[in-house]
Amino acid sequence: MNGRADFREPNAQVSRPIGGGYIPTEEEWRLFAECHEECFWFRSVPLAATSMLITQGLISKGILSSHPKYGSIPKLIFACIVGYFAGKLSYVKTCQEKFKKLENSPLGEALRSGELRRSLPPGHYTQKPKYDSNVSGQSSFGTSPAADNIEKETLPRYEPIPFSASMNESTPTGITDHIAQVKVNKYGDTWDE
């Protein structure tokens, strides 16, 4: 052993839930390495190179200006970094799908079970709707006390703001352009006129 804990034991089964202390299985480690390599060569490098070429083209056409001292290097480095991370982010869904296809994988199982919860709006499966969509029996012009109570419960209250669109330039506001005239003598004493 080289002084580090080796967590890549074959046939290691993890019984604790997935969290900060989760140790991936050998199959998951292999898939992590595969995702990292594919993401780097097929997404990050091409997007970084493309963004650098586009940036250099924009600088050479004069659309972007180059730095007086460093030239185009700072903008090219920034474009490379943005392209690299855009490539990483663009591969996340693909890698998640690969993990979901793994059998006997706690991480794959967590991703599969988490997909249903993310596809529904928060609280959708636990709350009942407050409104009944069947309103055919009611008159379209009349309201009931129950409907008024629902409106009071669910609709937010909006208070008017002090400066609204109803005020125009001729509306008196009490704000004046008067600047107080203050005189200062050679000793630093001040007084109003």
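A salt bridge is taken here as a side-chain nitrogen of Lys or Arg within 4 Å of a carboxyl oxygen of Asp or Glu. In the predicted model, Glu34 meets this criterion with Lys98, the closest N and O atoms being 3.2 Å apart. Glu34 belongs to helix H1 and Lys98 to helix H3, so this contact ties together parts that are 64 residues apart in sequence. Lys98 also pairs with Glu38, with an N to O distance of 2.3 Å. This second pair likewise links distant parts of the chain, Glu38 in helix H1 and Lys98 in helix H3 being 60 residues apart. Glu34 and Arg30 are separated by four residues, about one turn of the helix. Through shared partners, the salt bridges join Arg30, Glu34, Glu38 and Lys98 into one network. The whole structure contains five salt bridges.

The protein chain comprises five helices and two strands, arranged from the N terminus in the order α-α-α-α-α-β-β. Of its 193 residues, 14% are classed as buried.

One disulfide is found in the model, formed between Cys35 and Cys95 with an S to S distance of 2.2 Å. Cys35 is located in helix H1 (residues 26-60) and Cys95 in helix H3 (residues 92-100), 60 residues apart, and the pair thus links distant parts of the chain. The torsion about the S-S bond is about 110°, so the disulfide is right-handed. Both Cys35 and Cys95 are buried. Cys39 is buried as well, with a relative accessible area of 5%. The closest cysteine sulfur to that of Cys39 is in Cys95, but the separation of 8.0 Å is too far for a bond, given that a disulfide requires sulfur atoms within 2.5 Å. Cys80, by contrast, is partly exposed, at 28% relative accessibility.

Helix H1 consists of 35 residues and spans 49 Å from its first C-alpha to its last, close to the expected 51 Å. The helix carries a kink of about 40° centred on Phe40. Its buried residues are Glu28, Leu31, Cys35, Cys39, Ser44, Ala48, Ser51, Thr55 and Ile59. Just after H1, Gly62 adopts a positive phi of about 90°.

A nonpolar surface patch is formed by Ile73, Ile77, Ile81 and Phe85, which together present about 390 Å² of accessible area. Ile73 is part of helix H2 (residues 73-90) and is partly exposed, with a relative accessible area of 47%.

A positive phi also occurs at a residue other than glycine. Most residues other than glycine have a negative phi. Asn104, although not a glycine, has a positive phi of about 55°. Asn104 is placed in the loop between H3 and helix H4 (106-119), where Asn104 is exposed, with a relative accessible area of 76%.

How values were computed
Residues numbered from 1 in each chain as written. Predicted model: local features only at pLDDT ≥ 70, side-chain atom pairs only at ≥ 80, totals over all residues. Heavy atoms only, no water. Buried < 20%, exposed > 50% of the residue type's maximum accessible area, 1.4 Å probe, protein only. Expected span 1.5 Å × (residues − 1). Bend = angle between axes of the 7 residues up to and from the residue. Patch = residues over 30% accessible without salt bridge, like charges linked within 9 Å, V, L, I, M, F, W, Y side chains within 5 Å. Areas by Shrake-Rupley, 256 points an atom, 1.4 Å probe, with all protein chains shown as cover.
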